[in-house]
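Please read this briefing alongside the sequence and the coordinates. The points are grouped by topic.

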Amino acid sequence: MQRAAHVASCSWPQIVKPAMIRHSLKCRAPLQHSSRAYSVVPPPRDDDERDAVHRMLRVDHAGEYGANRIYAGQMAVLGRSRTGPLIQMWDQEKKHLAKFNEILAENRVRPTALLPFWNIAGFVLGASSALLGKEGAMACTVAVEESISEHYNSQIRALMENDPERYFELLQVIKEFRDDEMDHHDTGLEHEAESAPGYWLLKNVIQLGCKAAIYASQRV
Amino acid sequence: MAALLRGLRAGRVLRGLSSVIAAPTTTNPQLSSLRRGFRCAALRLQDESKSDKSTSFSSSSSSSSSTTTHHEHYQANSAEHNSEAASQHDFDPSAAEGTKISDQEQDTEYETEEQLHARILAAALEFVPQHGWSMEAIAAGAESLDLSSASTGMFTNGAGDLVLHFIAQCNANLTEILAEQHNQVQQGQVEPKKTAEFLKDAVETRLRMYIPYIETWPQAMSILLLPHNIPDSLKHLSTMVDDIWYYAGDRSTDMNWYTKRAALTGIFNTTELVMLQDSSPDFQDTWSFLDNRVQDVVNMATTAKQVQATGEAVVQGLMGAAVTLKNLTGLNQRR
């Protein structure tokens with residue numbers, strides 16, 4: 001009875017003030033996900049949680065933004081030749097970025113100040129790897145997607161260790177994106193990434209760069 | 001004999017007080033101010049001559065103070081069991097929860113240190129026009145709450161604590177006002193304002209909170225610029241600017257997030273400085289300065305967009321020219 005009342009109150013997002021939403025969420029039922037008044041990220045319980053979650057979202061947003069720019073660079077060079085697989089991957093990345101934009105705006109998360117760097121660096125990386133040919137572009141894709149998947153996996157582990165039920169929606173989003181990135185990685189391998197010139201060197205240098213980018217975006 | 005009567009009255013007041021103290025988690029503001037009033041009355045029962053002062057300290061509402069005196073008066077004139085019934089009768093039905101005396105007898109001091117801090121600083125604000133933003137004002141505030149002026153020892157940052165508390169209070173008020181306006185817009189009662197007008201109104205509302213302290217505000221600003229206060233004052237400034245932009249409808253997630261907030265910080269700081277020098281009636285000059293600055297920022301944003309659009313058009317034109325040249329010279333043909 002009380003739960004029904006709270007479910008009902010949770011379904012009037014426009015009239016119920018945010019503070020009241022938080023009060024009603026304190027006795028939410030774990031299985032009724034649609035009754036939650038937020039979409040992905042639960043309202044933080046304290047400053048530490050808020051900072052940790054915001055940092056996660058910030059670096060994910062930066063990652064998707066960078067990936068978009070890498071694909072844009074690749075398309076700028078190879079756009080007129082091998083358009084098929086590349087276009088599909090870039091479209092998915094655009095969707096990821098749109099989703100993170102939405103999450104950031106909803107939760108008032110500050111985007112990383114290094115975005116202009118990732119803009120230029122991503123485009124340059126994509127364009128220069130594409131200049132090495134189709135294999136070069138695929139090698140770059142493999143390296144970047146592997147880094148991103150690893151990063152998402154560590155985030156999923158952290159959230160699961162913390163409280164999987166509380167972050168259920170956020171975990172779903174990250175898992176879905178991680179699966180997409182793994183698909184891109186596999187697509188890259190399928191299209192002869194490993195036969196790119198200096199594949200081992202290229203892959204490790206790019207992955208090192210990605211790690212540095214993730215480290216920096218978490219802090220700035 | 002008189003002392004005995006006073007002692008009896010004090011005892012009845014205490015028991016009556018504890019009987020109407022509801023559960024600690026109530027958020028009824030009238031009730032919480034009543035509780036504060038009662039607790040202070042309990043602290044002061046040592047000195048009967050000061051009991052009149054209990055009606056005048058700033059943190060309680062006038063209604064609570066009048067009910068305190070009324071309550072004390074009533075207590076003095078009636079027997080104990082009547083007083084409890086009457087005390088329940090006197091106050092709202094929401095206060096009538098405190099019907100059990102026995103487990104409330106132990107409740108005396110359960111105010112946290114932060115609440116005490118806040119109370120003393122709030123009381124100290126009244127003495128700022130007189131003493132400036134200083135430890136004297138805090139000491140005067142503590143004394144007005146009938147706490148020892150040595151309690152200023154817990155303010156390790158001195159005047160900085162007072163100024164930062166005031167800033168935080170102003171920001172909280174502003175956020176409340178903006179949230180209320182936002183709700184009204186969402187419920188369709190009011191038309192949403194354009195960005196420039198919204199920013200102007202928000203900054204004006206916020207700066208008007210300084211008007212009662214405008215004489216001493218330069219001192220407050222210099223206190224905020226002290227190195228150990230800079231991180232806190234920057235934090236308050238940035239959260240205020242973020243709040244204003246959020247309620248203005250900004251949901252950007254790129255560099256615009258930073259440029260907008262930087263622009264608004266600039267507007268706010270310069271307008272604050274102008275306000276200090278302003279001597280026009282109701283600070284008219286300040287508001288027109290604010291208006292011009294907001295207009296400048298909006299114009300700059302429009303210009304930036306136009307420049308970008310022009311740049312893109314130019315690039316496209318150049319690409320078109322290059323392709324035409326390639327076609328003309330035959331470089332585009334596959335052989």
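The model described here is predicted. Its largest nonpolar core has 53 residues, and the helices that each supply at least two of its residues belong to chain B. The domain assignment of chain B gives domain 1, at 113–156, and domain 2, at 159–322.

**Nonpolar cores**

- Within the largest core, the residues with the most contacts are Trp133(B), Leu162(B), Phe166(B), Tyr210(B), Trp217(B), Ile244(B) and Leu264(B).
- At least two residues of this core come from each of α5 (113–124), α7 (135–144), α8 (159–186), α9 (195–208), α10 (217–224), α11 (230–248), α12 (255–277) and α13 (284–329) of chain B, and α8(B) provides the largest share, with 9 residues.
- Both domain 1 (113–156) and domain 2 (159–322) of chain B contribute to this core, each with at least three residues.
- Leaving aside residues up to four places away in sequence, Phe166(B) touches Leu125(B), Trp133(B), Met209(B), Tyr210(B), Tyr213(B) and Trp217(B).
- Another core, of 26 residues, lies apart from the largest one and includes Ala67(A), Ala143(A), Tyr152(A) and Leu171(A).
- As general background, nonpolar side chains in soluble globular proteins tend to be buried together.

**Packing of α8(B) against α10(B)**

- The axes of α8(B) and α10(B) are 10 Å apart, and the two helices pack at an angle of about 105°; because angles of 65 to 115 degrees count as roughly perpendicular, α8(B) is described as roughly perpendicular to α10(B).
- On the α8(B) side, Ala159(B), Gly160(B), Val163(B), Leu164(B), Phe166(B) and Ile167(B) take part, and they meet Trp217(B), Ala220(B), Ile223(B) and Leu224(B) of α10(B).

**Domains of chain B**

- The centres of domain 1 and domain 2 of chain B, taken over C-alpha atoms, are separated by 31 Å.
- Contacts between these domains of chain B involve 15 residues of domain 1 and 13 residues of domain 2.

**Annotated regions of chain B**

- An unreviewed UniProt entry carries the annotation "domain: Ubiquinone biosynthesis protein COQ9 HTH" for residues 113–143 of chain B; in the model, this span is 81% helix and 0% strand, with its end C-alpha atoms 17 Å apart.
- The feature "domain: COQ9 C-terminal", likewise from an unreviewed UniProt entry, is placed at residues 230–300 of chain B; this span is 83% helix and 0% strand, and its end C-alpha atoms lie 29 Å apart.

Definitions and conventions:
Residues are numbered from 1 along each chain as its sequence is written. Chains are lettered from A and ligands numbered from 1 in the order in which they are written. This is a predicted model: local features need pLDDT of at least 70, side-chain atom pairs count only at pLDDT 80 or more; totals for chains, interfaces and linings use all residues. Side-chain values use heavy atoms; hydrogens and water are left out. A nonpolar core is a set of buried Ala, Val, Leu, Ile, Met, Phe, Trp, Tyr and Cys residues joined through side-chain atoms within 4.5 Å. Buried means under 20% relative accessible area, exposed over 50%, partly exposed in between (1.4 Å probe, protein chains only). Helices (H or I, at least four residues) and strands (E, at least two) are DSSP runs, numbered from the N terminus. Domain bounds come from an automatic or database domain assignment. Contact means heavy atoms within 4.5 Å. UniProt positions are given in the numbering used here, feature names are shortened, and annotations may be inferred rather than shown by experiment. Axes are lines fitted to C-alpha atoms, for helices over the stretch in contact, and angles run from 0 to 180 degrees between N-to-C directions. Angles under 35 degrees count as roughly parallel, over 145 as roughly antiparallel, 65 to 115 as roughly perpendicular and the rest as oblique.
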